[in-house]
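Subject: Handing over a structure, with notes

Dear colleague,

I am passing on to you the structure shown just below, and after it I set out what was found there. Please keep the structure open beside these notes as you read.

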Amino acid sequence: MTDIFDGRGKGLEEEYFHRQNQEAIEKLRAKMQAAVKAKPAGASTMKCPRCDGQLHEIKFEDVAIDTCDKCGGCWFDSGELAQLTRPASGGWFSRLLNSWNPK
Ligand SMILES: [Zn+2]
């Protein structure tokens, strides 16, 4: 009998964290799209390494990220990914990690 409740509790917990992750991802996606839309027209001279699209530089969390207008790819210069993922930075990655382990 307790196994049923343990399984249900575990399922509810997994569902909760899945929902939390989905909400965090949706928030980041909306923020990223807003940053792309806020960028005034003007392309850099760089082409996307994946396709033949034009790269545009956007500012996200105080980091300049190159985004492709064709495939939607995001490209980081040296050190930019580390800047976004540094735990003490309070950047989106550390906030996402903290949302997974609320204490
Ligand atoms: Zn591309």
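Strands are said to pair here if DSSP finds at least two bridges between them, and the elements themselves are DSSP runs numbered from the N terminus, with helices being H or I runs of at least four residues and strands being E runs of at least two.

Residues are numbered from 1 along each chain as its sequence is written.

To return to the strands, β1 pairs with β2 (residues 63–68) in the antiparallel sense over six bridges. Along this pairing, Ile 58 has Ile 65 of β2 as its bridge partner, Lys 59 stands opposite Ala 64, and Phe 60 stands opposite Val 63. The hairpin of β1 and β2 has two residues between the strands, and Glu 61 there takes a positive phi near 55°.

Taken as a whole, the protein has three helices and three strands, and from the N terminus on its elements run α-β-β-β-α-α. Buried residues make up 4% of the 103 residues, where a residue counts as buried if 20 or more other C-beta atoms lie within 10 Å of its own, as exposed if 12 or fewer do, and as partly exposed in between, with C-beta atoms placed from the backbone. Among contacts between residues at least 6 apart in sequence, 19% join residues at least 24 apart, a contact being two residues whose C-beta atoms, placed from the backbone, lie within 7 Å.

Asp 66 lies in strand β2 and is partly exposed, with 19 other C-beta atoms within 10 Å; its C-alpha atom is separated by 6.5 Å from that of Phe 76, ten residues apart along the chain. Gln 83, in helix α2 (residues 80–85), is partly exposed too, with 15 other C-beta atoms within 10 Å, and Gln 83 and Val 63 are 7.8 Å apart, C-alpha to C-alpha, although 20 residues apart in sequence. Thr 45, in the loop between α1 (2–38) and β1, is exposed, with 6 other C-beta atoms within 10 Å.

Finally, a word on confidence: pLDDT, the predictor's confidence in each residue from 0 to 100, averages 79 over the protein, and 76% of the residues score at least 70. Confidence is lowest in helix α3 (residues 92–100), at a mean of 69, and highest in β3, at 89. Where pLDDT is low, the predicted coordinates should not be read in detail.

With best wishes

How values were computed
This is a predicted model: local features need pLDDT of at least 70, side-chain atom pairs count only at pLDDT 80 or more; totals for chains, interfaces and linings use all residues.
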